[in-house]
Amino acid sequence: MFVGRERELKALDTIYRSDKFEFAVLYGRRRVGKTALINEFIRDKKAIYFMGVESNAKQNLENFSKSIMEFNTDIFADTSFSSFQTALEYVFRLAEKERIVLAIDEYPYVARASKSLASTLQLLIDKRKDTSKLMLILCGSSMSYMEDHVLAYKAPLYGRRTAQMKLLPFDFEETCRYLSGMSDEDKALMYGVVGGTPQYLLQINNKLSVADNIKNTFLNPTSFLFEEPLNLLKQEVREPAIYTAIITAIATGHSRMSEISSKVGEESNVCAIYLKNLVSLGIVEKETPYGEKTSRKSVYSIADNMFRFWYRFVLENNSVIARGAADLVYKRIEPYFADYMGKVFEDICTQYLWKQ
């Protein structure tokens with residue numbers, strides 16, 4: 001069942017109806033629902049969907065060729081295009097007479113393996129954009145890659161996109177649709193624990209209590225969520241150990257640069273670099289008091305509730321959880337849960353006020 005994303009679907013539909021060449025860039029953190037959004041959008045449209053894999057250029061080209069063959073059965077089943085350029089040229093030609101969507105999911109995997117892909121796309125867009133009805137969607141989970149190699153000024157594809165969309169986790173109101181079987185208080189508590197990332201919400205059982213859901217997910221060593229933050233960090237950054245130390249410091253109440261630096265044991269200028277990356281990834285947010293021009297009084301907090309809960313309660317109890325003592329760990333968490341929810345409630349109130 002597809003839930004939410006009405007605004008994003010409407011934006012994509014508006015672009016689709018233009019009936020001229022369009023190039024949309026869709027990016028966001030892993031598990032946020034990018035693939036589900038694309039599949040929902042192209043469900044009733046003529047579309048070629050191709051997902052890149054973390055492999056070499058040859059395998060990605062073969063997979064791309066198969067995706068084109070599945071769309072156009074006139075091509076012999078054992079055919080494989082000789083290069084990405086010939087494959088893309090073929091798709092551009094197909095779209096000269098009718099609207100076709102080409103969605104390349106996990107684009108960074110393909111582009112890293114085929115260094116000339118971005119320049120090839122640039123060439124073909126410049127050459128055929130006036131005669132083609134193709135709607136091209138490039139989608140990626142690597143935030144840094146999409147921002148540096150697709151959206152940035154020095155990137156070959158800079159200036160070619162006609163739309164861009166950074167997909168964010170659901171807010172509280174949208175999250176409630178996933179948790180429809182729970183009481184209002186339990187919905188707020190679960191939002192404080194897993195946030196609004198669709199893939200995490202799917203791990204929640206609406207028929208169980210908040211305590212049982214926490215035990216089944218975060219306090220279960222075989223659960224999908226048990227090591228999720230560390231796995232995400234390893235995919236995005238080179239030195240996850242330092243990032244983990246910084247996020248843990250913030251999660252345990254060290255919100256100012258000097259406090260974080262002291263807790264981690266690194267110089268402030270070193271921590272500043274890591275914090276900047278965490279902010280760009282949407283894991284940490286920086287707030288400066290109103291009227292202050294300098295950042296000396298800025299405070300840092302964890303923007304993603306799942307990260308905040310995990311680094312506040314799960315990491316320090318890892319060894320106990322690994323032994324299967326979920327009830328014991330929950331008893332440790334419970335006395336601090338109401339205090340933990342204070343910031344979450346403020347966030348829910350802020351969202352409500354903005355909606356008014």
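User: Where is Ser-132 found?
Analyst: Ser-132 sits in the loop between helix H6 (117-128) and strand E4 (134-140). Helices (H or I, at least four residues) and strands (E, at least two) are DSSP runs, numbered from the N terminus. This is a predicted model, in which local features need pLDDT of at least 70 and side-chain atom pairs count only at pLDDT 80 or more, while totals for chains, interfaces and linings use all residues. Residues are numbered from 1 along each chain as its sequence is written, and side-chain values use heavy atoms, with hydrogens and water left out.

User: Is Ser-132 buried or exposed?
Analyst: Ser-132 is buried, with a relative accessible area of 3%. Buried means under 20% relative accessible area, exposed over 50%, and partly exposed in between (1.4 Å probe, protein chains only).

User: Which residues does Ser-132 touch?
Analyst: Leaving aside residues up to four places away in sequence, Ser-132 touches Lys-20, Phe-21, Phe-92 and Ala-95. Contact here means heavy atoms within 4.5 Å.

User: Changing topic: how many aromatic pairs does the structure hold?
Analyst: The structure holds 18 aromatic pairs. Rings of Phe, Tyr and Trp (its six-membered ring) pair if their centres lie within 6.5 Å; planes under 30 degrees apart count as stacked, over 60 as edge-to-face and the rest as tilted.

User: Why is the pair of Tyr-200 and Phe-224 tilted?
Analyst: The pair is tilted because the ring planes of Tyr-200 and Phe-224 are at 45°, with the centres 6.2 Å apart. This pair links distant parts of the chain, 24 residues apart: Tyr-200 is in helix H10 (residues 198-201), and Phe-224 is in the loop between helix H11 (210-217) and H12.

User: Are those two residues buried or exposed?
Analyst: Tyr-200 counts as buried at 0% relative accessibility, whereas Phe-224 counts as partly exposed at 33%.

User: What about Phe-309 and Phe-337?
Analyst: Their ring centres are 6.2 Å apart and their planes are at 65°, so the pair is edge-to-face. Phe-309 lies in helix H16 (residues 305-314) and Phe-337 in helix H18 (residues 326-355), so the pair ties together parts that are 28 residues apart in sequence. Both Phe-309 and Phe-337 are buried.

User: Which residues form one aromatic cluster?
Analyst: Phe-218, Phe-309, Phe-313, Phe-337 and Tyr-340 form one such cluster.
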